[in-house]
Amino acid sequence: MTETNKNKKKIRVSWAEYFMNIARQVATRSTCDRKHVGAVIVRDKMILSTGYNGSIRGMPHCDQIGHQMENGHCVATIHAEANAIIQAARNGVKIDGAEIYITASPCWNCFKMIANVGIKKIYYQEFYRDERSLEVAKHLGMELIHIPPRLKE
């Protein structure tokens with residue numbers, strides 16, 4: 001090892017940053033160009049399922065035909081969290097007791113799904129709109145953990 005390499009300290013990301021990095025990569029598959037969101041469901045440091053926001057399977061995508069807007073929201077897309085839960089169900093993967101990493105905090109409907117499937121920790125990068133989940137999470141003993149973007153060094 002050269003002297004220069006010895007002096008460089010390798011920065012190893014935490015598990016939370018690692019899974020959030022993967023969620024950001026999953027978001028690159030999103031097909032609603034209004035907001036790209038990715039979700040990763042994890043248990044015991046193993047990925048169980050992933051999801052990104054996009055149209056119903058087999059339907060045209062927003063980035064191809066435009067958005068179906070209602071009350072300021074595109075309703076043609078299925079959210080990343082819901083798609084990750086659906087993928088787990090389609091593949092028979094138990095997600096009760098798992099954690100979810102999402103590039104944006106869940107909307108109210110996705111939060112309710114996450115709570116009902118038994119996920120107790122929600123890691124998110126960007127807070128997105130709905131604060132109801134914060135109070136309900138406390139009541140249910142769930143944790144919502146903000147992981148800010150890592151600054152480039």
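**Aromatic rings, sheet and cores in a predicted model**

Trp15 and Tyr18 sit three residues apart in helix H2, which puts about one helical turn between them. The model is a predicted one, and this pair makes a handy way in. With a relative accessibility of 44%, Trp15 comes out as partly exposed, and Tyr18, at 39%, is partly exposed too. Trp15 also pairs with Phe19, this time stacked, with 5.8 Å from centre to centre and 25 degrees between the planes. Here the spacing is four residues, again within helix H2 and again about one turn of the helix.

Taking the rings together, the structure has seven aromatic pairs. Among them is the one between Trp15 and Tyr18, which is edge-to-face: the centres are 5.6 Å apart and the planes make 90 degrees. Trp15, Tyr18 and Phe19 belong to one aromatic cluster along with Tyr101 and Tyr123.

Next comes the sheet. Five strands make up an open sheet in the order E2-E1-E7-E8-E9, and their pairing is mixed. The edges are held by E2 and strand E9 (143-146); each has a single partner strand, so one side of each has no neighbour in the sheet. From one strand to the next, the twist averages 20 degrees. E1 and E7 run antiparallel and are joined by four bridges. Val40 has Tyr101, in E7, as its bridge partner. Helix H4 packs on this sheet, where it touches E1, E2 and E7, and its direction is at about 130 degrees to that of E2.

What about the nonpolar interior? In soluble globular proteins, nonpolar side chains tend to be buried together. The largest nonpolar core here has 23 residues, and the members touching the most others are Ile41, Ile95, Ile100, Ile114 and Ile122. At least two residues of this core come from each of strand E1 (38-43), helix H4 (80-90), strand E7 (99-104), helix H5 (108-116) and strand E8 (121-126). Another core, of 10 residues, lies apart from it and includes Met20, Val26, Val40 and Tyr123. Leaving aside residues up to four places away in sequence, Ile114 has contacts with Glu81, Ile85, Ile100, Ile102, Pro106, Ile119, Ile122 and Met142.

Polar residues get tucked away as well, and Asn53 is a case in point. It is found in the loop between strand E2 (46-52) and strand E3 (54-55), yet its relative accessibility is 6%, so it counts as buried. Its side chain makes a polar contact of 2.5 Å with the side chain of Ser30. A polar atom of the Asn53 side chain also lies 2.9 Å from the backbone nitrogen of Val37. Not counting residues up to four places away in sequence, Asn53 touches Ser30, Thr31, Cys32, Lys35, His36, Val37, Ile78, His79, Ala80 and Asn83.

Lys8 also lies in a loop, the one between helix H1 (3-7) and helix H2 (15-27). It is exposed, with 60% relative accessible area. Cys32, one of the residues touched by Asn53, is 24 residues from Lys8 in sequence, and the two C-alpha atoms are 40 Å apart in space.

Key:
Residues numbered from 1 in each chain as written. Predicted model: local features only at pLDDT ≥ 70, side-chain atom pairs only at ≥ 80, totals over all residues. Heavy atoms only, no water. Buried < 20%, exposed > 50% of the residue type's maximum accessible area, 1.4 Å probe, protein only. Polar contact = N/O pair within 3.5 Å; in protein donor to acceptor, adjacent residues only side chain to side chain. Contact = heavy atoms within 4.5 Å. Phe/Tyr/Trp six-rings, centres within 6.5 Å; stacked < 30°, edge-to-face > 60°. Core = buried A, V, L, I, M, F, W, Y, C linked by side-chain atoms within 4.5 Å. Pairing = 2+ DSSP bridges. Axes fitted to C-alpha atoms, helices over the stretch in contact; angles between N-to-C directions.
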